[in-house]
Amino acid sequence: MPLTLTGRVWNCQALQHAAMRNACKLQPMPEWWQSFLDWLRCRPDAGARGEALAADFLRRERGFAIVARNWRNPRDRRDEIDLVGLDGEILVFVEVKTRSAAALVPGIYAVNRRKRRVLLRACTAYLRQLRPMPRTFRLDVVEVALPTDPAAAPQILHFANLPLFPKHFHPGP
């Protein structure tokens, strides 16, 4: 699973190769950099875990049918929708924000103007490929707070129908 760092996508193998290249140079790799690379290789993927927990929560607690996970726009691979589900006849686009339970800022605040613009672009691309197009659709945000204690259960908050689409929105042809 690729990791995103400052706008660049790195995978664990590339980091290992970079670490080996740096180790072969005359200068040794700084200890803090080596520990950071070790941490990246060993840590569990919290985002994927949060998305799986959110999908299970929406299926069990809210009665959603999950249609797609991690859908990417074929024209622009940067645009991604975490989950697409059906709540009855309503098509629901779900953005999942995974945070530590000790985080100072809740995940709902990470869905800012810039993120909404990206989501609108991705949702529009998704809707354009559907035939027939659904009558109603909405954006939900699910916040997953992972506890610092691994034995404790994560806290999941569901924010339904966040404003994303303009009033008379139509995705076009």
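Gly-50 is placed in helix H3 (residues 46–61); helices (H or I, at least four residues) and strands (E, at least two) are DSSP runs, numbered from the N terminus. The model is a predicted one, in which local features need pLDDT of at least 70 and side-chain atom pairs count only at pLDDT 80 or more, while totals for chains, interfaces and linings use all residues. Residues are numbered from 1 along each chain as its sequence is written, and side-chain values use heavy atoms, with hydrogens and water left out.

With a relative accessibility of 0%, Gly-50 counts as buried (buried means under 20% relative accessible area, exposed over 50%, partly exposed in between; 1.4 Å probe, protein chains only). Apart from neighbours within four places in sequence, Gly-50 is in contact with Val-96, Thr-98 and Val-144, contact meaning heavy atoms within 4.5 Å. The C-alpha atoms of Gly-50 and Ile-156 are separated by 9.2 Å, and these residues are 106 residues apart along the chain.

Aromatic pairs were assigned to rings of Phe, Tyr and Trp (its six-membered ring) whose centres lie within 6.5 Å, with planes under 30 degrees apart counted as stacked, over 60 as edge-to-face and the rest as tilted. The count by this rule is six aromatic pairs. For Trp-71 and Tyr-126, the ring centres are 5.1 Å apart and the planes stand at 90°, so this pair is edge-to-face. Because Trp-71 lies in strand S3 (residues 65–72) and Tyr-126 in helix H4 (residues 113–128), the pair ties together parts that are 55 residues apart in sequence. Trp-71 is buried at a relative accessible area of 13%, and Tyr-126 is buried at 5% relative accessibility.

Phe-137 and Phe-169 also form an edge-to-face pair, with 5.9 Å centre to centre and 80° between the planes. Phe-137 belongs to strand S6 (residues 137–146) and Phe-169 to the segment after strand S7 (155–162), so the pair ties together parts that are 32 residues apart in sequence. The relative accessible area of Phe-137 is 17%, and this residue is buried. Ring pairs link Trp-71, Phe-93, Tyr-126, Phe-137, Phe-165 and Phe-169 into a cluster.

The lining of the second largest pocket consists of Asn-73, Pro-74, Arg-75, Arg-121, Thr-124, Ala-125, Arg-128 and Gln-129. On a 1 Å grid over the protein atoms alone, a pocket is an open set of points where a 1.4 Å probe fits, with protein on both sides within 12 Å along at least five of seven lines, and lining residues have an atom within 4 Å of a point. The lining residues divide into two nonpolar, three polar and three charged.

Technical notes
Ala, Val, Leu, Ile, Met, Phe, Trp, Tyr, Cys and Pro count as nonpolar, Asp, Glu, Lys and Arg as charged, and the others, Gly among them, as polar.
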